[in-house]
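Hi,

Here is the structure I said I'd pass on. Have a look at it first, and then read on for my notes.

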Amino acid sequence: MESSFLFLDILIIGCGLYLVYTAYKMKKTGEINNTVIVGKNCDISKAKDKQGFIDYMYKKSIIMGIIIALGGAFDYANEKYLNIPYMGLIGSIVFFVFIAIYCKITMDAQKKYLEPDLKSKIKRTR
């Protein structure tokens with residue numbers, strides 16, 4: 001069972017590093033990866049302020065990726081070497097709190113920067 005958790009920790013570290021890479025690539029190319037940072041139902045081609053979204057989410061995604069990678073590394077070290085009781089449970093709770101906060105930030109940013117401006121469409125049709 002221990003090897004399964006260690007594998008998951010390595011997978012979590014990889015996910016955190018991939019988020020850092022995706023944020024860096026997004027900032028460098030100006031293209032938003034709609035499989036990692038935004039929801040699958042978000043149509044990037046109709047975004048009202050793509051660059052604003054990139055600028056807003058860049059640092060937040062880098063920080064979140066680092067937190068995810070460090071959380072996975074800490075849990076790996078705890079399971080493999082430290083064996084601190086209940087640290088895995090505490091780490092998991094903290095990890096999911098950070099994930100929830102990041103999801104909320106991302107959803108708010110999608111609404112602010114990526115959703116089409118419906119008010120201007122309504123005014124044009126009248």
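This is a predicted model: local features need pLDDT of at least 70, side-chain atom pairs count only at pLDDT 80 or more; totals for chains, interfaces and linings use all residues.

Asn34 counts as partly exposed, because its relative accessibility is 36%. Asn34 sits in the loop between α1 and α2. Setting aside residues within four places in sequence, Asn34 is in contact with Gly39, Lys40 and Ile44. I also checked Asn34 against Tyr102: the two are 68 residues apart along the chain, and their C-alpha atoms are separated by 16 Å.

As background, nonpolar side chains tend to be buried together in soluble globular proteins.

Is Thr106 buried or exposed? Its relative accessibility is 7%, so Thr106 counts as buried. Not counting residues up to four places away in sequence, Thr106 touches Ile37, Phe53 and Met57.

On to charges. A search of the whole structure finds 4 salt bridges, and I'll go through some of them here.

- Asp55 and Lys27 form a salt bridge, with the closest N and O atoms 2.9 Å apart. This pair links distant parts of the chain, with Asp55 in helix α2 and Lys27 in helix α1, 28 residues apart. Asp55 is partly exposed at a relative accessible area of 41%, and Lys27 is partly exposed too, at 37%.
- Lys50 and Glu31 meet through their side chains in a salt bridge, 3.7 Å from N to O. Lys50 lies in helix α2 and Glu31 in the loop between α1 and α2, so the pair ties together parts that are 19 residues apart in sequence. Lys50 is partly exposed, with a relative accessible area of 26%, and Glu31 is partly exposed at 48%.
- Lys104 and Asp108 form a salt bridge, the closest N and O atoms being 3.0 Å apart. The two are 4 residues apart in helix α3, so about one helical turn separates them. Lys104 is partly exposed at 46%, and so is Asp108 at 32%.

How many disulfides does the structure hold? There are 0. Take Cys15: the closest cysteine sulfur is in Cys103, and it is 13 Å away, so the two are too far apart for a bond. Cys103 is in no disulfide either, since the nearest cysteine sulfur is that of Cys15. Cys15 is partly exposed at 46% relative accessibility, and Cys103 is partly exposed at 38%.

Now the outside. Tyr86, Leu89, Ile90, Ile93, Val94, Val97, Phe98 and Ile101 form a nonpolar patch on the surface, and together they have about 790 Å² of accessible area. One of them, Leu89, is found in helix α3 (residues 87–114). Leu89 counts as exposed because its relative accessibility is 53%.

Asn83, in the loop between α2 and α3, has a positive phi of about 55° although it is not a glycine. Asn83 is exposed, with a relative accessible area of 52%.

Cheers

Key: Residues are numbered from 1 along each chain as its sequence is written. Side-chain values use heavy atoms; hydrogens and water are left out. Patches are made of residues with over 30% relative accessible area and no salt bridge: like charges are joined within 9 Å, nonpolar side chains (Val, Leu, Ile, Met, Phe, Trp, Tyr) within 5 Å. Accessible areas come from the Shrake-Rupley method with a 1.4 Å probe; for residues, only the protein chains shown count as cover. Buried means under 20% relative accessible area, exposed over 50%, partly exposed in between (1.4 Å probe, protein chains only). A disulfide is a pair of cysteine sulfur atoms within 2.5 Å. Contact means heavy atoms within 4.5 Å.
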